[in-house]
Amino acid sequence: MTLLARHLPGRVRTRATRRARRRSAAALMTVTACVATLASAPAQAGTPTYRDARAPVQQRVADLLGRMTLKEKAGQMDQIAVARMQGDCEWSGGALDETCMKTVLDDYAAGSVLSGGGMGPEKNTPSDWARMVNSVQKYAVENSRLHIPVLYGVDAVHGHNNVLGATVFPHQIGLGATWDARTVRDSGAATARAVAATGIDWNFSPVADLARDQRWGRYYETYGEDPLLAGALAAAATRGTEHAGGAKRVAATVKHFAGYSEPSNGHDRVPADVSMRYLQDTLLAPYRRAIEAGADSVMVNSGAVNGVPATSSHYLLTDVLREQWGFKGVAVTDWEDIRALQAKYKVAADYPEAIALAVNAGIDMAMEPYHAKEFTDGLLTAVRRGLVKERRIDEAVARILRLKFELGLFEDPYVDAGEADDAVLGADRALARKAATDSQVLLRNEGATLPVPRDARKIVVAGSYADDIDSQAGGWTIGWQRVPEGVELPGTTVLEGIRSAAPKGTDVVHAKTAEEAAGQAATADLNVVVVGEKAAAEGEADTPRPELSADQQKLVKTLKASGKPVVVVVIAGRPLALGDASGTEGLLMAWLPGTEGGHAVADVLFGRANPGGRLPVSWPKKTGNEPMYYQQLPGTNAGTESAYDAAHAFGDGLSYTRYAFDAVRPSRTSVAPGDAVRLKVTVSNTGRRGGELVVPVYVSRPVSDVLAPARKLAAFTRVALKAGQSRTVAMTVPARVLAVTPGDIDGAGTPRVERGAYEFTAGGRTAEVTVR
Ligand code: NOJ
């Protein structure tokens, strides 16, 4: 089965599917009103402990584990795609089929089911999703010998993005540009509520990888290039997801642990070669923050790091994750990755050997979307061959069962499908609009071209991305790659947003072709050109040349030639080298802002919102210098392309007001190596309108034992400031942020804080702290 086949939309069906659908329709009753079946009633004499809701979770786990056969335990460790239970059981999509469900949930007692990248019900509505998930759950609960519910997982990575009519939030890269943990937390909570309303318990989000290589297709799924920013926001998303207060609790997943974002040639899932120093000091930090925020699960990197696939790395999955960090939750592989140990990486001779490698390394659950039978048989064979101990299986299954008990699945496995449409359709649009607005990064505003002057009579809106809701939403929307052909995504395009925000009397002209744009531009008061890149996901979104297409560059060049002001709005998941499209009066990065993005862009253009977003990544001048990130180490020649020389640097962003920074004030100028550094900085809005200011504090080392980047983000916050207002913000830099791995080239020791001087800079003002 190819990678593509895995996310085939439910629309693709065969005749066999239709037959199967008729068969299954009769067999499956709706479980809309079906609630609380198992242990919700008071425990009676003879009720097994695991079904007693009042018993401590640990006892329930032990009791249930003690009743399970080895084969049932192996089943719990398997996660299968819902597509294997639909239609012809062979990836056709369609209605759930009882025969297929029997194989997966009864014969092989799979412990978990996923809807990966768009695998939905026949009809894509929230209530149909809820009915589908309820039906799967009902089958598992009623037919498995011990009535164990399944954990149902989904990729709701920017809102409940597979569900038609659900509000689509900005992708993570846009949320990274807000530098605002509260907005990220609230977006995570809103997503979790929508997910919960459709009966789903487990969200494969957030991503804690870094965006350092502009060529990599999953760049937009991250919160940016900086480990501190990415970690703080991944932690906020985790908290939001797990404390959302919806119809049920939803577990978060920190992915893709670890080092996934460093493919050596920029292509997805290509092995990474990174030093231990870089792994420890940079790459691991964001996952750790999210895990410390309480993440229930971790999804493992599909790639290999330093010659070992992450899925079979005992070092990553046990030494670091469990022993160093104390993680207690579930470690799940990514898509078919145990099989990859044999088929792709060739570190195992056969499937049972591959399973043994992964399970012994620390994997608790295999995302084995295709073959429940093969996984169970393979694990049993591995045990028979003496490759895996039953004790290790018990440990993994105990973690899975604990999560099921903690999520309340034994008491309340279903949701009320009748409530799902109300809970999901159009929910939290105001929040998604705020998130999109806060993520806008204004990078050029020559001659105060923006906000659009009130007396502007004619605005020309050009570029195909101006009216393209699918590109605005990006990959992972309804379908895996993008919104599938023929599906209409509700939402507001940039053109529609501009039309609804333009003052009365302002003519908004949509130039559909380059010729029309050229003809209209000369008489316009302002030309807005919306450019971008087409939606795609994973490897299909890789590009060896992350730049604006030649035809779009030409369009902008033509408009520039009109002599009238031009504002370029970019709808893309990464900074694109702009070439001939550079140097316009205005440049606004809108990212992949989702269904409310049109309003967000218009609010900024017309000045209803004061832009406060800052780049969470570096914007290269031209292609060929990837990977590019501001923490590149020194040693390169300043002024040449080998040095950090961005068109727009990490942290850049303008607003419609002016801000001033007072001196950074550390509470102590000399600290011990394990101490946190506490800082205060007073910031003021010296302009004439209110706004929100991102306050980053960077740390530099005048001298250090191992190379230190010229500056490194040490703390940040985002504060609202009315015109004329000043505020003093307090920030703490934990010692861990300053720690680096000591030693020579082979450095692999525990990171520690070097003694010596540390310079903390905010807004160009610096204070020194000595670690004594
Ligand atoms: C593969 C992707 O790498 C991962 O992010 C996603 O959660 C799983 N597939 C499930 O769809």
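1. Strand β6 covers residues 297-300. S297 and M299 point one way from β6, V298 and V300 point the other way, and all are buried; buried denotes under 20% relative accessible area, computed with a 1.4 Å probe and protein chains only. Strands are DSSP runs of E with at least two residues, helices are runs of H or I with at least four residues, and both are numbered from the N terminus.

2. The model is predicted: local features need pLDDT of at least 70, side-chain atom pairs count only at pLDDT 80 or more, and totals for chains, interfaces and linings use all residues. Residues are numbered from 1 along each chain as its sequence is written, and side-chain values use heavy atoms, with hydrogens and water left out.

3. Strand β5 (residues 253-257) pairs with β6 in the parallel sense over four bridges; two strands pair if DSSP finds at least two bridges between them. V254 has V298 in β6 as its bridge partner.

4. Which residues come nearest to the ligand? They are D155, R218, H256, R269 and D334, out of the 14 residues around the ligand; a residue counts as near if one of its heavy atoms lies within 4 Å. By class, this shell holds seven charged, four nonpolar and three polar residues. Here Asp, Glu, Lys and Arg are charged, Ala, Val, Leu, Ile, Met, Phe, Trp, Tyr, Cys and Pro are nonpolar, and the others, Gly among them, are polar.

5. Oxygen atoms of the ligand lie 2.5 Å from a polar side-chain atom of D155, 2.7 Å from a side-chain N or O atom of H256 and 2.9 Å from a polar side-chain atom of R269. On its own the ligand has 300 Å² of accessible area (Shrake-Rupley method, 1.4 Å probe), and the protein covers 100% of that area.

6. The count of disulfides, defined as pairs of cysteine sulfur atoms within 2.5 Å, comes to one. C89 is joined to C100 with an S to S distance of 2.1 Å, and the link is left-handed, with -70° about the S-S bond. C89 lies in the loop between β1 (78-81) and α4 (98-107) and C100 in helix α4, so the pair ties together parts eleven residues apart in sequence. C100 counts as buried, at 2% relative accessibility.

7. An open sheet of five strands has the order β20-β26-β25-β22-β23, with mixed pairing. Its edge strands, β20 (670-671) and β23 (712-721), each pair on one side only. Strand β22 (residues 691-700) runs antiparallel to β23, joined by nine bridges; L693 stands opposite V719 in β23.

Technical notes: A polar contact is a pair of N or O atoms within 3.5 Å; within protein, one must be able to donate a hydrogen and the other to accept it, and residues adjacent in sequence count only if both atoms are side-chain atoms. Buried means under 20% relative accessible area, exposed over 50%, partly exposed in between (1.4 Å probe, protein chains only).
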